[in-house]
Amino acid sequence: MLVPERKWHESQTIELQPDDSILLHLHLQHVEDVLGWVLSWGGLAEIVSPPSLRKALAQKAKELAALHQE
């Protein structure tokens, strides 16, 4: 498990879930700064909140999918 083994941000707290998933909580000034990092995890990461960041990620995913359509 890479996420709990590393310090990603000074504000982080990590919650291990019964289903072996991990909730990583970060308190950020600019939540958009984390968007690229979350994208780098591909389908292994989900933004739970804030809703605006979740929506921004969904929009980027649509753009990526459209760009790579054959």
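Visitor: Before we start, what should I know about the model?

Guide: It is a predicted model, so local features need pLDDT of at least 70 and side-chain atom pairs count only at pLDDT 80 or more, while totals for chains, interfaces and linings use all residues. Residues are numbered from 1 along each chain as its sequence is written, and side-chain values use heavy atoms, with hydrogens and water left out.

Visitor: How many helices and strands does the chain have?

Guide: Helices (H or I, at least four residues) and strands (E, at least two) are DSSP runs, numbered from the N terminus. Here you get 2 helices and 2 strands, and reading along the sequence gives β-β-α-α. The C-alpha trace spans about 40 × 30 × 20 Å along its principal axes.

Visitor: And how do I read "buried"? What share of the 70 residues is buried?

Guide: Buried means under 20% relative accessible area, exposed means over 50%, and partly exposed is in between, using a 1.4 Å probe and protein chains only. In this chain, buried residues make up 13% of the 70. Take Q12, in the segment before β1: its relative accessibility is 15%, so Q12 counts as buried. K62 in helix α2 has 57%, so K62 counts as exposed. G42, in the loop between α1 and α2, is partly exposed because its relative accessible area is 44%.

Visitor: Which residues form the largest nonpolar core?

Guide: A nonpolar core is a set of buried Ala, Val, Leu, Ile, Met, Phe, Trp, Tyr and Cys residues joined through side-chain atoms within 4.5 Å. The largest one here has 6 residues: V34, L35, V38, I47, L53 and L57. Helices α1 (35-40) and α2 (51-67) are the elements that give two or more residues to this core.

Visitor: What does V38 touch?

Guide: A contact means heavy atoms within 4.5 Å. Not counting residues up to four places away in sequence, V38 touches A45, I47 and L57.

Visitor: Back to the start of the chain, then. Which residues is S11 in contact with, leaving aside its neighbours within four places?

Guide: S11 sits in the segment before β1 (13-16), and its contacts of that kind are H25, L26 and H27. From S11 to L26 is 15 residues in sequence, yet their C-alpha atoms are 5.6 Å apart in space. There's a polar detail too: a polar atom of the S11 side chain lies 2.8 Å from the backbone nitrogen of H27. Q12 has its own set once neighbours within four places are left aside, namely R6, K7, L24, H25 and L26.

Visitor: What separation in space goes with K62 and Q12?

Guide: They are 50 residues apart in sequence and 29 Å apart from C-alpha to C-alpha. For G42 and A61, 19 residues apart along the chain, the C-alpha separation is 9.6 Å.

Visitor: What about backbone angles? Where is there a cis peptide bond?

Guide: The general idea is that most residues other than glycine have a negative phi, and most peptide bonds are trans. In this model, a cis peptide bond joins S49 and P50, with omega of about 5°. P50 lies in the loop between α1 and α2. As for phi, D20 is a residue other than glycine with a positive value, near 75°. You'll find D20 in the loop between β1 and β2 (22-25), and D20 counts as exposed because its relative accessibility is 62%.

Visitor: Last one: how many positive and negative side chains are there?

Guide: Lys and Arg count as positive and Asp and Glu as negative, while His and the chain ends are not counted. The place of a charge is taken as NZ of Lys, CZ of Arg, CG of Asp or CD of Glu. On that basis the chain has 6 positive and 10 negative side chains, and the centres of the two sets lie 6 Å apart.

Notes
Polar contact = N/O pair within 3.5 Å; in protein donor to acceptor, adjacent residues only side chain to side chain.
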